[in-house]
Amino acid sequence: MIEVQIEARQVTLRYFAWLRERTGVSEERFALPADVVTVRDLMTALQQRGEGFAAAFAQPDAIRAALDHVHVKSHTAIGRAREIGFFPPVTGG
Amino acid sequence: MSVRVSEADFDVSAEIAQLTAGQTNIGAVATFTGKVRGEAHGRPLTAMMLEHYPGMTEAELQRIETEAISRFKLTASRIVHRVGTLQPGDNIVLVITCAAHRHDAFQALEFLMDYLKTEAPFWKKETSADGHGTWVDARASDDAALSRWRPKNI
């Protein structure tokens with residue numbers, strides 16, 4: 001008998017500005033839940049991780065994301081991305 | 001062509017001299033310097049903290065610079081952006097564009113700043129006199145400024 005074990009894929013999550021402050025985390029390794037397909041799905045999953053994350057991700061429309069350092073829309077599939085960054089709209093310059 | 005993210009201050013003259021040394025195809029050099037204002041929303045500001053996304057910031061600035069070079073006839077360019085804690089009056093950002101003629105240098109400068117403001121991953125936090133820190137909100141006018149560079153018939 002062949003036993004097939006599917007391990008949850010590990011990704012790096014990074015948080016910036018007020019997302020970093022509210023979650024209390026700047027960078028972490030995270031096992032992607034099997035039902036998470038898009039960036040928006042991931043935000044919904046992260047909301048469930050306690051008070052700080054619930055506060056940080058309370059308004060997903062106010063949050064921007066990047067997959068492997070490239071800006072993406074929240075409906076984008078995470079695919080094989082290794083790093084997902086979450087941050088507010090940028091204010092440099 | 002170069003981009004740099006740094007805590008250190010920059011010297012505009014030294015940056016221009018280094019960028020243009022030995023080049024004879026440059027007829028116009030345009031620069032933009034962004035600085036920290038001493039007030040925000042009518043209140044005195046004591047400090048400004050600039051955070052960024054290491055790795056992505058450099059990639060985005062290079063992407064924006066490459067786009068500007070292909071769009072305008074630039075012969076040299078440089079973007080320097082500071083991070084960390086800054087005081088009112090301090091320099092924040094420097095953009096230098098060099099071209100054969102002034103029109104390309106001016107246009108590319110505005111293009112680069114409009115894209116930098118809306119796509120480069122930097123975030124400002126202002127500290128007021130009472131020590132209270134506030135993350136700066138993105139401005140709708142910055143997004144509007146970007147639309148003029150996009151094709152109109154799509």
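A residue counts as buried if 20 or more other C-beta atoms lie within 10 Å of its own, as exposed if 12 or fewer do, and as partly exposed in between, with the C-beta atoms placed from the backbone. By that rule B:Leu94 is buried, because 21 other C-beta atoms lie within 10 Å. This is a predicted model, in which local features need pLDDT of at least 70 and side-chain atom pairs count only at pLDDT 80 or more, while totals for chains, interfaces and linings use all residues. Residues are numbered from 1 along each chain as its sequence is written, and chains are lettered from A and ligands numbered from 1 in the order in which they are written.

**Chain A**

- Chain A has three helices and five strands, where helices (H or I, at least four residues) and strands (E, at least two) are DSSP runs numbered from the N terminus.
- Read from the N terminus, the elements of chain A follow the order β-α-β-α-α-β-β-β, and the C-alpha trace of this chain spans about 60 × 30 × 20 Å along its principal axes.
- Of the 93 residues in chain A, 29% are buried.

**Where the chains touch**

- On the side of chain B, 21 residues are in contact with 14 residues of chain A, two residues being in contact if their C-beta atoms, placed from the backbone, lie within 7 Å.
- The elements α2 (56-71), α3 (102-119) and β8 (122-128) of chain B each supply at least two residues of the side that touches chain A, and the largest share, five residues, comes from α3(B).
- That side of chain B divides into 13 nonpolar, four polar and four charged residues, where Ala, Val, Leu, Ile, Met, Phe, Trp, Tyr, Cys and Pro count as nonpolar, Asp, Glu, Lys and Arg as charged, and the others, Gly among them, as polar.

**Helix α3 of chain B and its neighbours**

- Helix α3(B) has 18 residues and reaches 26 Å from its first C-alpha to its last, close to the 26 Å expected at 1.5 Å a residue.
- Several residues of α3(B) are buried, including B:Ala108, B:Phe111, B:Leu112 and B:Tyr115, and what covers the buried residues of this helix includes β2 (28-35), α2, β5 (74-82), β7 (91-99) and α4 of chain B.
- Helices α2(B) and α3(B) pack at an angle of about 155 degrees with their axes 10 Å apart, which means that α2(B) is roughly antiparallel to α3(B), a term for angles over 145 degrees.
- The contact is made by B:Glu60, B:Ile64, B:Ala68 and B:Arg71 of α2(B) together with residues of α3(B), among them B:Phe111 and B:Leu116, and its residues divide into seven nonpolar, no polar and three charged.
- Helix α3(B) also packs against α4 (residues 140-147) of chain B, at an angle of about 135 degrees and with the axes 9 Å apart, so α3(B) is oblique to α4(B), oblique being the class left after angles under 35 (roughly parallel), over 145 (roughly antiparallel) and 65 to 115 (roughly perpendicular).
- By class, the contact of α3(B) with α4(B) has three nonpolar, one polar and four charged residues.

**Surroundings of B:Leu94**

- The buried residue B:Leu94 is found in strand β7 of chain B.
- Leaving out residues up to four places away in sequence, B:Leu94 touches B:Phe10, B:Val12, B:Glu15, B:Thr31, B:Thr33 and B:Val80.
- B:Leu94 and B:Arg4 are 90 residues apart in sequence and 9.8 Å apart in space, C-alpha to C-alpha.

Technical notes
Axes fitted to C-alpha atoms, helices over the stretch in contact; angles between N-to-C directions. Expected span 1.5 Å × (residues − 1).
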